[in-house]
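Subject: Structure handover

Hello,

Here is the structure I said I would pass on. My notes on it follow below.

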Amino acid sequence: MCERPDGRKEAKYGVSFSIRQLREILRSLGHTYNHYQVVEALDILTSSTFTLESAQGESIIRGHILEDYRASTAKGNARFAPEARWHVFFNRAVAKAIQSAQYRQYDLRRLYSRRSYGINVIKRMVLLATNMSEQHPVRLRYSELQKTTSGLNYSRISDGISYLERELKRVMKDGTISRYEKELVKKRKKGVSGRPTIVDAVFILYPGAEMIAEVKASNTRQMRAEQELGLSPRQRQERHQSLIAG
């Protein structure tokens, strides 16, 4: 437990590990970071910030991705000892999400070797389209993705759409999506003759069988967590909005 500025007590959530253990997990996922790179990453996460803001801007939270960490060893320097025990604590918003079952688990390997906009597409599918299926595909508008993702700021919209489409074809190879459809949005400029120009595109993504199974399993885990915590699924939206409340 920790004490807030207003005197209230609240739980802190985190994980405990040694750098050796963390490196073994990363190696199993295809990442060969050395000890110093892992420690540097933890330093970056405890000094980097993120911002959560409500839709209307009435509430806002800004804080470090990882709130803090502690490391200790019986022998040597804790920063350099492979077996030193590290205790890393999550941001308070993450703690609230855990307490209110407002988190979703998914296979991080789907994000590896992806461009930033490919990662954004997969995260949107996992976090927002919780009822996706062959009958309920995911609709993404290029302009919305462009606003929230780096790598799509091309002077010609058609170029950005082409690069996004290349990434979707790569996403198809691992079974995240089985197929997709593309609808180009064209508009003719006032006073200009000739063909209308492309101003946007809508992509309809049909999830693959494995992706559908993962999302269903995630839904089941969330419902089980809600039952254990005595929370109602009907109040998910209210709990989500409360994440950035005081």
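The protein exposes about 15,600 Å², and carbon and sulfur atoms supply 51% of that area. Please keep in mind that this is a predicted model. Its C-alpha trace spans about 75 × 40 × 40 Å along the principal axes. There are eight helices and 10 strands in the protein. Of the 246 residues, 33% are buried. Among contacts with a separation of 6 or more, 58% are between residues 24 or more positions apart.

One part to look at is an open sheet of three strands, in the order 3-7-6, with antiparallel pairing. Strand 3 (14-18) and strand 6 (66-72) are at its edges; each has a single partner strand, so one side of each is left without a neighbour in the sheet. From one strand to the next the twist averages 15°. Strand 3 and strand 7 (residues 85-90) run antiparallel and are joined by five bridges. Within this pairing, S18 stands opposite R85 in strand 7.

Two helices are placed against these strands. Helix 1 (residues 19-28) lies across strand 3 and strand 7, and runs at about 95° to strand 3. Helix 2 (residues 35-47) packs on the sheet and touches strand 3, strand 6 and strand 7. The direction of helix 2 makes about 145° with that of strand 6.

Helix 2

Does the length of helix 2 agree with or depart from what 1.5 Å a residue would give? It agrees: the 13 residues should span 18 Å, and the end C-alpha atoms are 19 Å apart. The buried residues of helix 2 are H35, V38, V39, L42 and T46. They cover an arc of only 95° around the axis, which puts them on the same side of helix 2. An α-helix has 3.6 residues a turn, so residues three or four places apart point the same way. On the other side of helix 2, Y36 and S47 are exposed. The cover over the buried residues of helix 2 includes strand 3, helix 1, strand 5 (60-64), strand 6 and strand 7.

A101

The loop between helix 3 (92-99) and helix 4 contains A101. Phi of A101 is near 55°, a positive value in a residue other than glycine. Most residues other than glycine have a negative phi. Is A101 buried or exposed? Its relative accessibility is 1%, so A101 counts as buried, the cut-off being under 20%.

Helix 4 and strand 8

Helix 4 (residues 116-128) has 13 residues, which should span 18 Å at 1.5 Å a residue; its end C-alpha atoms are 18 Å apart, which agrees. Its buried residues are Y117, G118, N120, V121, I122, R124, M125 and V126. Those buried residues pack against strand 8 (138-141), helix 5 (142-148), helix 6 (157-173), strand 9 (177-187), strand 10 (197-207) and helix 7 (209-229).

Regards

Conventions: Residues are numbered from 1 along each chain as its sequence is written. This is a predicted model: local features need pLDDT of at least 70, side-chain atom pairs count only at pLDDT 80 or more; totals for chains, interfaces and linings use all residues. Side-chain values use heavy atoms; hydrogens and water are left out. Two strands pair if DSSP finds at least two bridges between them. Helices (H or I, at least four residues) and strands (E, at least two) are DSSP runs, numbered from the N terminus. Axes are lines fitted to C-alpha atoms, for helices over the stretch in contact, and angles run from 0 to 180 degrees between N-to-C directions. Contact means heavy atoms within 4.5 Å. The expected span of a helix is 1.5 Å times one less than its number of residues. Buried means under 20% relative accessible area, exposed over 50%, partly exposed in between (1.4 Å probe, protein chains only). Accessible areas come from the Shrake-Rupley method with a 1.4 Å probe; for residues, only the protein chains shown count as cover. The arc is that of the directions from the helix axis to the C-beta atoms.
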